Amino acid sequence: MKRDPRYDILFEPVKIGPVTAKNRFFQVPHCNGMGYLRPRSLAAMREMKAEGGWAVVCTEEVYIHSSSECDSMVEGRLWDDGDIPALALMTEAVHKHGSLAGIELQHAGYCSTNNFSRIPPISPSTMSVDSYAPVQSHAMNKSDIRDFRKWHRRAALRAKQAGFDLIYVYAAHSGTLLSHFLSRRINKRTDEYGGSLENRVRLFRELIEDTKDAVGDSCAVAVRFAVEEFLGPQGITADNEGRDIVEMLAELPDLWDVNISDWSMDSATSRFELEGYQEPYISFVKSLTSKPVVGVGRYTSPDSMLSLIQRGVMDMIGAARPSIADPFLPKKIEEGREDEIRECIGCNICVSGDKLSVPIRCTQNPTMGEEWRRGWHPEQIEAKKSDDGVLIVGGGPSGLECALALGQRGYRVILAEASAELGGRVSRESRLPGLAEWGRVRDYRVLMLERLANISIYRENPLSAADIIEFSAEDQFNYSHVLLATGARWRKNGMGRVHREPIPGLEKIPVFTPDDIMDGVLVPGKVVIFDDDHYYLGGVFAEKLRAEGHEVILVTPAPDVSTWTHNTLEQKKIQKKLIEIGVEIITQTELSAAATGKVELSCVFTARKTEKLCDSLLLITERTPNNELFQALDADQGSMSRAGIKSLKCIGDSFAPGTIAVAVYSGHLAAREFQSERQEEVPFMRERIQL
Ligand code: ADP
Ligand code: SF4
């Protein structure tokens with residue numbers, strides 16, 4: 001296919017100082033939980049972006065000196081020459097595809113944990129670190145500032161030696177030593193590095209000049225700068241100091257990569273922000289500089305990208321998450337296949353990998369993070385090994401992904417879905433407040449499935465065990481493998497982390513589950529939500545019921561609501577929203593029993609009991625896998641073998657209830673492993689410490 005000529009502009013080369021990017025697609029730095037510990041995984045993941053057409057592919061933050069790390073999070077490291085070979089793996093991989101490799105040099109100042117090095121963090125003025133750790137930083141004196149400049153210069157030279165084409169001076173996310181110097185809230189110095197804006201900008205300017213001097217002959221020097229910190233006049237704001245700083249340094253760097261701060265604002269989820277949410281803040285930048293400008297905003301639509309270039313908002317389309325969800329986004333536009341873009345859903349499961357110090361994963365792209373260790377390619381898959389037909393029961397995220405991957409392998413797949421609608425929980429949950437974009441998990445897969453001639457989809461077909469056995473030999477179906485992707489349902493008895501037995505007294509009060517409400521059941525009166533799930537649904541249902549006019553009390557044994565969403569950068573936003581809409585929040589409290597018109601609560605520390613009056617109870621605790629079909633078929637091996645059914649397997653939530661990302665991954669894994677050799681002990685490669 002040929003690309004739409006309207007998009008030609010996206011494929012124009014862009015000169016960035018001494019180097020040239022082949023098009024306008026720019027994978028901005030993003031964390032990935034691989035970092036210095038897993039360089040082969042990292043190089044393969046970045047290579048996939050280059051292969052997919054991104055003209056610039058950057059690292060995550062790479063720490064430049066032993067006085068700064070953020071262990072136990074796993075980021076990049078360039079402390080000395082010994083770190084060069086690991087980074088060179090990435091630049092070589094990126095260069096193979098004609099793309100430029102960029103590196104984000106980082107010193108996190110007082111935001112460094114230094115848990116590993118045990119070196120006290122440094123900052124413009126002495127201060128407590130941001131976490132509740134009992135740590136205070138050392139205020140840098142002049143010689144410390146000179147040392148810092150020396151470290152940065154050396155890191156730039158090492159980065160050049162490692163093969164990088166573009167080297168960042170990094171002052172974004174409110175978590176860099178440079179952003180600390182810029183901030184009047186943090187920088188309390190009285191010398192020439194503090195006080196006036198000009199003084200606070202001094203180190204930023206010096207670092208850009210140092211870097212240009214060190215490597216500017218052959219490498220582009222980029223800056224990453226957050227023009228808005230959302231801290232009011234005490235912070236950098238787009239209409240005041242953010243603008244002034246860009247103006248002061250306008251022509252100094254070779255490229256401006258501009259965003260908003262902190263990370264939770266920069267990587268806002270779709271629950272809180274739509275595509276393009278950063279534009280109002282960064283749009284002034286291009287009017288102040290002739291240098292190329294890069295911005296982000298979860299852009300997945302080529303029309304939005306086109307408009308950004310045509311309207312002069314930016315010169316290159318920056319993307320972290322859209323490049324994670326679809327490393328081949330540029331290639332798809334280039335080849336006129338833009339409708340095949342696997343659009344990011346803005347869920348930030350990718351961020352959770354970094355937060356939990358494990359390799360990145362993605363809801364939409366199950367191959368993300370598996371490029372090296374499992375050898376998975378997002379656009380290629382092993383061809384089928386036989387002409388066997390496969391029945392998949394259940395068209396939720398797991399069944400859809402499994403059907404698609406098996407279909408792409410060339411297998412004949414029959415997909416049966418009980419309801420009229422495909423998508424399972426994704427379709428149901430995407431109708432809840434703020435989750436509309438999650439429907440993209442279904443939309444991408446349904447579109448791709450409809451293009452495969454070897455896939456037959458049967459909606460409104462709830463299958464029983466007898467049906468599965470009976471239909472297997474019918475000519476129109478003729479399958480010999482069955483994969484069950486039948487999902488899970490929320491428990492109505494309150495069993496979960498807190499209660500390993502049913503909650504007493506539930507028969508005395510109207511009790512509901514998320515499934516009931518998504519089925520359209522109406523909940524009476526004042527509702528108590530007991531959230532022992534701790535991901536998004538507790539907060540989402542509180543919001544939904546409150547919007548429908550209910551009084552809502554959210555009870556959680558955790559220290560804060562939706563506590564797992566710290567890993568998706570959403571927790572504070574969720575709690576803020578619930579407070580603002582008038583949800584009563586009761587934390588560190590269990591729901592110990594129910595009675596007529598009330599519930600009994602229990603303090604998690606003292607077990608002291610209190611009561612709350614209510615009309616109904618919504619339990620969001622745990623799910624039961626829908627594995628009745630599996631049990632019935634497994635118990636009837638005789639009929640199975642007479643019907644010629646050679647294999648039976650549960651996938652997704654029916655195997656083990658989890659996130660949507662887990663369900664998609666499970667479906668993909670089952671398809672990849674189908675009739676393929678599988679390493680029994682450890683089914684993936686590991687990056688071992690060499691002794
Ligand atoms: P997962 O997250 O594992 O994909 P979901 O709960 O999202 O699970 O999807 C399960 C899907 O399976 C639902 O759409 C449901 O209607 C369907 N399903 C469950 N049981 C059957 C069955 N016996 N026959 C056909 N479809 C089924
Ligand atoms: Fe987008 Fe979610 Fe994938 Fe992250 S995990 S890239 S937010 S779809």
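## Packing of α3 and α5

Helix α3, spanning residues 142-161, packs with helix α5, spanning residues 197-215, at an angle of about 35°, and their axes lie 9 Å apart. The crossing of α3 past α5 is right-handed. The model described here is a predicted one.

On the α3 side, the contact is formed by Ile 145, Phe 148, Arg 149, His 152, Arg 153, Ala 156, Leu 157 and Lys 160. On the α5 side, the residues that take part are Leu 203, Glu 206, Leu 207, Asp 210, Thr 211, Asp 213, Ala 214 and Val 215. By class, the contact of α3 with α5 comprises 8 nonpolar, 2 polar and 6 charged residues.

## Packing of α1 and α2

The crossing of α1 past α2 is right-handed.

From α1, the residues Pro 39, Arg 40, Ala 43, Arg 46, Glu 47 and Ala 50 meet Ala 86, Leu 89, Met 90, Ala 93 and Val 94 of α2. The contact of α1 with α2 divides into 8 nonpolar and 3 charged residues, with no polar ones.

## Surroundings of Ser 352

Ser 352 belongs to helix α12, which covers residues 349-355. Ser 352 counts as buried because its relative accessibility is 3%. The side chain of Ser 352 reaches the backbone oxygen of Ile 349 at 2.6 Å.

When residues up to four places away in sequence are not counted, Ser 352 touches Arg 361, Trp 564 and Asn 567.

Thr 237 is placed in the loop between β10 (220-228) and α6 (241-249). With a relative accessibility of 12%, Thr 237 counts as buried. Leaving aside residues up to four places away in sequence, Thr 237 touches Val 227, Glu 228, Gly 232, Gly 242 and Arg 243.

Glu 548 lies in the loop between α18 (537-547) and β21 (552-555). Its relative accessibility is 45%, so Glu 548 counts as partly exposed. The side chain of Glu 548 is joined to that of Lys 544 by a polar contact of 2.9 Å.

## Cis peptide bonds

Asp 71 and Ser 72 are joined by a cis peptide bond, with omega about 20°. Ser 72 is located in the loop between β4 (56-63) and β5 (76-77).

A cis peptide bond also joins Ser 261 and Asp 262, where omega is about 0°. Asp 262 is found in the loop between β11 (255-260) and α7 (263-266).

## Positive phi values

Ser 174 is not a glycine, yet it has a positive phi of about 55°. This residue, Ser 174, lies in the loop between β9 (166-171) and α4 (177-182).

Leu 569, likewise a residue other than glycine, has a positive phi near 65°. Leu 569 is placed in the loop between β21 and α19, the latter covering residues 571-580. At 12% relative accessibility, Leu 569 counts as buried.

Definitions and conventions:
Residues numbered from 1 in each chain as written. Chains lettered and ligands numbered in written order. Predicted model: local features only at pLDDT ≥ 70, side-chain atom pairs only at ≥ 80, totals over all residues. Heavy atoms only, no water. Left-handed = near helix turned anticlockwise from the far one by under 90°. Helix = DSSP H or I, 4+ residues; strand = E, 2+ residues; numbered from the N terminus. Contact = heavy atoms within 4.5 Å. Nonpolar A, V, L, I, M, F, W, Y, C, P; charged D, E, K, R; others polar. Buried < 20%, exposed > 50% of the residue type's maximum accessible area, 1.4 Å probe, protein only. Polar contact = N/O pair within 3.5 Å; in protein donor to acceptor, adjacent residues only side chain to side chain. Axes fitted to C-alpha atoms, helices over the stretch in contact; angles between N-to-C directions.
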